[in-house]
Every structure is written in C-alpha cells, then in structure tokens.
Amino acid sequence: MPKIIVTVGPATAKPDVLKKLHDLGVRILRFNFSHATPENTQPTLDMIHELEKSLSEPFQLMMDLEGPSIRTGDLAEPRLYHKGQLFKLVIYPTNLGDTDVFCDYPGIIDDVQIGSIVRIESGLFDTIVREK
C-alpha cells in the first residue's frame, strides 16, 4: 500500500478524523514545527498513541523541523519589486535606500557566493546575488 502523508493541524488532530484518515490509507502523520512546539504537540501525540491501540497498523510520525531563518527588517510602508529589478540586501538598518532590504544576519556576506540564490519571505521571491 502506498504511504500517504497528512499534516496534523486543528482540522485533523481529532480521534474520529484520524481514524477516518487511517481507514483511507494514511500512515504517516506530519507535524510542522514551524508552527508547533514539543510542548503543545504532546497532547496530540498522546491522543494518537491512545487511538493506535484500536488500529490495525500504527501511524508513522514525521517531525518537519524548520531550518534556519534570516529575517528582513520592517518597512514603514510596503514596497513593490519587479522581476529583474536590482536592490541591495544590507546588514545595517540605518540609511536604507528606497529599494534596500535589511537583513539581520551579518554573516550573509561571507556565506553567499556570486550567482547563488537568496530566497526572501519564505520563497515569496528568489533573488540572485550579482555582487558583494
């Protein structure tokens, strides 16, 4: 049987819903730790383990851990960027130009290479490093 993965969230973290999902072939439950903590996940895990006592096959649990995040600074007002537009990603928030974007990670200058992709706003748009 193929493995079906379902993300556990408010709509699925109920015994009757999980039982129906199991009956439909779901065997892997994914926990998104971008939005969850071990502390607030434990009651759901306890409920799943209790439910598994009545199931023919247990669920496999997948913990999706968030990778490192680099933050951009708050802007006084929204900005619109266009494909192909050049702008600076700067590590000092003072004296930002009209199109500059603040980055809270000073090491980015050493960590990126010319031609590498920098993903902004969780992939809302990708940029290519042209110079440092």
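The protein, examined here as a predicted model, carries 14 positive and 19 negative side chains, and the centres of the two sets lie 7 Å apart. In this count Lys and Arg are taken as positive and Asp and Glu as negative, while His and the chain ends are not counted; the place of each charge is NZ of Lys, CZ of Arg, CG of Asp or CD of Glu. Residues are numbered from 1 along each chain as its sequence is written, and side-chain values use heavy atoms, with hydrogens and water left out. Local features need pLDDT of at least 70 and side-chain atom pairs count only at pLDDT 80 or more, whereas totals for chains, interfaces and linings use all residues.

The protein contains three helices and seven strands, where helices (H or I, at least four residues) and strands (E, at least two) are DSSP runs numbered from the N terminus. From the N terminus on, these elements follow the order β-α-β-α-β-β-β-α-β-β. The radius of gyration of the protein is 22 Å, well over the 14 Å that the globule rule gives for 132 residues, so the protein is more spread out than a compact globule; the radius is taken over C-alpha atoms, and the rule is 2.2 Å times the number of residues to the power 0.38. Taken along the principal axes, the C-alpha atoms fill a box of roughly 60 × 30 × 25 Å.

Of the 132 residues in the protein, 29% are buried, a class defined by a relative accessible area under 20%, with exposed meaning over 50% and partly exposed in between (1.4 Å probe, protein chains only). The protein exposes about 9,700 Å², of which carbon and sulfur atoms supply 56%; such areas come from the Shrake-Rupley method with a 1.4 Å probe, and for residues only the protein chains shown count as cover. Among contacts (heavy atoms within 4.5 Å) between residues at least 6 apart in sequence, 42% join residues at least 24 apart.

The structure holds five salt bridges, each being a side-chain nitrogen of Lys or Arg within 4 Å of a carboxyl oxygen of Asp or Glu. One of them joins Lys19 to Asp23, with the closest N and O atoms 2.9 Å apart. Both residues belong to helix H1 (residues 15-23), where they are four residues apart, about one turn of the helix. Lys19 counts as partly exposed because its relative accessibility is 33%, and Asp23, at 53%, counts as exposed.

A further salt bridge pairs Arg27 with Glu57, the closest N and O atoms being 3.2 Å apart. This pair links distant parts of the chain, 30 residues apart, with Arg27 in strand E2 (residues 26-32) and Glu57 in the loop between helix H2 (38-52) and strand E3 (60-64). Arg27 is buried, with a relative accessible area of 8%, while Glu57 is partly exposed at 32%. Arg119 and Asp126 also meet through their side chains in a salt bridge, at 2.8 Å from N to O; here Arg119 counts as exposed at 58% relative accessibility, and Asp126 counts as partly exposed at 40%.

Thr41 is located in helix H2 and, because its relative accessibility is 4%, counts as buried. Leaving aside its neighbours within four places in sequence, Thr41 is in contact with Phe31, Phe33 and Ala36. The C-alpha atom of Thr41 is separated by 18 Å from that of Lys19, and the two residues are 22 residues apart along the chain.
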